Amino acid sequence: MVLKRPPEAGDILQGTLDMLILHTLVMGPAHGHTIAQGIERTSENALEVEQGSLYPALHRLEDRGWLSSEWGVSENNRRAKFYRLTARGRKELNAAAGRWRRMTYAIGLILGEANE
Amino acid sequence: MSLRRFMHRTRKDEDLAEEIESHLAHEQDANGARGLSGEEARRQARLKFGNPRTTRELVWRYGSLPWIENGWRDLRFALRALAKTPGFALIAILVIAVAIGVNTAVFSVINTVLLKPLTYPDPQSLMQLMNASPRGSFPGANIPKFNIWRQQSSIFERVAAYDFGGAGLNLTGGDHPEQVQGIHVTADYFALFGAPLAAGRTFTAAEDSPNGGHVVVLSYGLWKSRFGGNPNIVGSTVQLDGQPYLIVGVIGRGFVTDTPADMWIPFQLDLNSLDMAHYFTVAARLKPGITSTQANAQLRLAADQYRRAYGSSALPPEDGFSVVSLQESMIGDTRMPLLVLLGAVGLVLLIACANVANLLLARASSRKRELATRAALGAGRGQIIRQLLTESLALSLTGGLLGLILGFVGVRLLLGINPGGIPRLGEDGSAVTLDLNILLFTLGVSVFTGILFGLVPAISASRPNLAATLNENGSRSNMGFRSGKLRSALVVSEMALALILVIGAALLIRTFLKLEAVDPGFETHNVLTMAMSVSGDRFQKTGPVAQVIRDGRDRLMAIPGVVDVGATNCLPLRGGFGMTFDILGRPRGNAPFTGGAGFYSISWSYFNAFKIPLLRGRNFTEQDDGAAPGVVMINEAMAKQFWPQSDPLKDRIQIGAGAGPAFAESPRRVIGIVGDTHDEGLNRDPFPIMFIPVAQMPDAETALNSRVAPLWWIVRSTMDPHTLVTPISAALREASGGLPVAHIRTMDEIVVRNTARQRFNMLLLTVFGSAGLLMAAIGVYGVMSYSVQQRTQELGIRMALGAQASDLRGMVIGQGMTLTLIGVVIGIGGAFWLTRFLASFLFGVKTLDPLVFIATTLLLTVVALIAIWIPTQRATRVDPMAALRLE
């Protein structure tokens, strides 16, 4: 059964998750677990998502050519799949971050007006 | 992109599973570092990750293509469902295979004849030059016409003349003499048709002019068969009719001409000739950008020019010139018959569809509970229709594959037996090959068929009344009103279509019987005919030809079993020459001459050899030779048409006045009238013919004759003439100084060939009609036996209440015959309208022949009655107790 979610909410969340993943990878290649931890830590645990939902996003981003992946050995000496930001991914991150800032700024304006 | 993802998703899923394992291991490590025990660390890790299967499913679904996924599932399910009822599946597939098979067969012929382009480069711009008249247009040209057409350089890029091999050539000088087909062509011929060269060159313009010398271009086939593909053949000579010919080139493989050619010889036409005889044809290539309409406009001017130069006797004002595409000209009048056959197989296909649809309806009603259960479990209507359509498509595609094999093998077998006189099919139909067109056609028909017979049953089955169906305690519910009506309608249409087919077949059968009954006007049994080419220089004068006939006759008469021997330049049923004539002392009609008639030169014993009766006057004798006064004999048709009131035996006629110098001769006395023969074909009325003795032909005429037609020998024997072929050929070779004979056939065989096309059409339509009738009978049988089965209870109650077996029988038969009769009425109505398309195939029968309509209706009714009778018997044997206990 297909999960039914409000589409617009899903889109925003999905877009946000994508942006966060891309951002996490600016520092360098990382495997899924590191990425999940990174997002949790930098958001001070505010964005604690089910870790499993990270993987569909990773595969989607790879499919779009924003990430590339290869198997390697992790810091714990375990086999892990490492994701790397591609040039197109970097460009998309900049674009998404720009969109995000404009939107939060606009929302801030609206809320600010409403508060007055 | 997504297809690639789709193909790789299994591998990707394994990859993901490993990735998830790795993630969990890392999380477990992290938890362990926080001090949790091994088991708890693992539990927490799993808790935090969520369900790995959900993750994998999300990724899997992302890589999936729903329609392939669903289609595959539907197909697997369909195959399982069909495998559960193998009997049904087998019958349905066979019915479809037969119907698609006949469609593939007919289409493969149409594909070869009508659709495949000619094999020459840029075939669309190749045109045949035609003589247009209000009565129709026909190819054929004389030198003055060829000259004028050649000058039309504003519309034609290239113009070439060629004949059809005419007399044939005697290839001598080897171990065995052989008659070969040599086509006379002008030098431009090869460039016009884009003939590839395997070796050497084609003719030069100088070689193609009168006295240009003896040169020849070989075909690839002859080069291989007679000369073993010798690469150094160019430059050597061959003996043709005793003359050395220089081989200048060999044409490459794959160059196909309409009349198969072994070699090409320069025509060497004398372009200054005013010879008005038509003995070749002309083809041209349009200039780029010129349409055939523009060409025809220009040719109207050319016709005026021709008329001014040679008078309106040469080209009457209402006649003119035109072009048609070479392909059209080759197809000729075969288009309509082929389209009618396609229509007939289309009807067979419709009957098959109705038949299978009926089977599916019956099957659907016994699957009601299954379908209702699926609907109750949440399957949408679209999903159920899709499922049922997948089943019918699985049936139709399987049937289509079988039909493709059946049809293709069938058509090759059929054409091997009887090519039906259809052009462009090659030797025994060898040009009919399996190509993309045929595959696509069969695929298209299969899909169309699957949807056609599957859609209605699927829609009607997808409308289940859930509660009612699921609450029924047995499957023996009454046939639903709607599906009962639907099935009856299908049976009615099957009956109607089958009747139309059977009427068509019956009309053609009657035509064929009428043709068989036609008296050709001569006795065909025990007559052997054969052709001897006399195209060599020896036979350019009348004397030597007459001498060969005399010698040949003497030798043949010495063979035991030979009764009589004749010779002619025109064999009956093979077409002949015509000529104009004037009756001396009679005013000319509208035309510059009194009339035109067939013009046969014959040996004096011709009528005896064919047993053509002499009606009045006297027969030719050996004494009617060049030294004796000119004589002519005519047939009855000529006597009736041109001497309705007077006696032809008192008149003299002048033949071929104004037809050119070759035909200059003095008037001839009419000495006898013979019975008519059907020379143009058994389905044509006899036309006027004048016969003159070979020995009295002007030399120039003999020369022309020898060039364009072989000498036909006619040998009547007392026994099966096939047994005499060897001694006859040997005797003729001796008499002619070593000339071979070819085209050896009995007159009976020529008659069979003459009716080949009618036989072909009759055969096919009879097969189609029988198939349609059989399917319709199965259809009505199926519906009636199903209905009896469904009504077992009702019949049982009726019996229990005292109904007699005869009452029940009457009731069931009445129901079945009602359907049949409705079908018959519709079918007769359809046939009234459709048989008009058969009009041009019929002979001696009207399209609305009452005998045919009545006989076929009776046939259909009787067949239906038999089909209904069987389930009726079952109805009367219902045991009331057993029937009631079913409740």
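**Helix packing and contacts in a two-chain model**

Let's start in chain A. H2(A) passes H3(A) in a crossing that is right-handed. One caution before I go on: this is a predicted model. The axes of these two helices come within 11 Å, and they cross at roughly 110 degrees. That falls in the 65 to 115 range, so H2(A) and H3(A) are roughly perpendicular to each other.

Who makes the contact? From H2(A), we have A:Gly32, A:Ile35 and A:Ala36. From H3(A), we have A:Leu54, A:Tyr55 and A:Leu58. By class, that is five nonpolar residues, one polar and no charged.

Now to where the chains meet. On the chain A side, 16 residues are in contact with 20 residues of chain B. Three elements of chain A give two or more residues to that side: helix H2 (32-42), helix H3 (54-63) and strand S3 (79-85). Which of them gives the most? H3(A) does, with five residues. The classes on this side of chain A are three nonpolar, seven polar and six charged. Keep the H2(A)–H3(A) contact in mind here, with its five nonpolar and no charged residues.

On to chain B. Its secondary structure comes to 28 helices and 24 strands. Along the principal axes, the C-alpha atoms fill a box of roughly 130 × 90 × 55 Å.

The domain assignment gives five entries for chain B. Domain 1 is 2-64. Domain 2 comes in two pieces, 65-123 and 335-477. Domain 3 is 124-333. Domain 4 is also in two pieces, 495-518 and 753-887. Domain 5 is 534-738.

Take domains 2 and 4 of chain B. Their centres, over C-alpha atoms, are separated by 24 Å. In the contact, 23 residues of domain 2 meet 27 residues of domain 4. On the domain 2 side, the elements giving two or more residues are helix H6 (86-115) and helix H12 (335-366) of chain B. H12(B) gives the most, with 16 residues. By class, this side of domain 2 has 17 nonpolar, five polar and one charged residues.

Two helix pairs in chain B to finish. Among the contact residues are B:Leu773, B:Ala777 and B:Val780 of H24(B), and B:Leu860, B:Val863 and B:Ala864 of H27(B). The classes are 14 nonpolar, one polar and one charged.

The second pair is H18(B), residues 542-557, with H22(B), residues 725-736. Here the axes come within 9 Å and cross at roughly 145 degrees. H18(B) passes H22(B) with right-handed crossing. H18(B) brings B:Val548, B:Asp551, B:Gly552, B:Arg555 and B:Leu556. They meet residues of H22(B) including B:Ile728, B:Ala731, B:Leu732 and B:Glu734. How do the residues of this contact divide by class? Six are nonpolar, two polar and three charged.

Conventions
Residues numbered from 1 in each chain as written. Chains lettered and ligands numbered in written order. Predicted model: local features only at pLDDT ≥ 70, side-chain atom pairs only at ≥ 80, totals over all residues. Axes fitted to C-alpha atoms, helices over the stretch in contact; angles between N-to-C directions. Helix = DSSP H or I, 4+ residues; strand = E, 2+ residues; numbered from the N terminus. Left-handed = near helix turned anticlockwise from the far one by under 90°. Contact = placed C-beta atoms within 7 Å. Nonpolar A, V, L, I, M, F, W, Y, C, P; charged D, E, K, R; others polar. Domains from an automatic or database assignment. Parallel < 35°, antiparallel > 145°, perpendicular 65-115°, else oblique.
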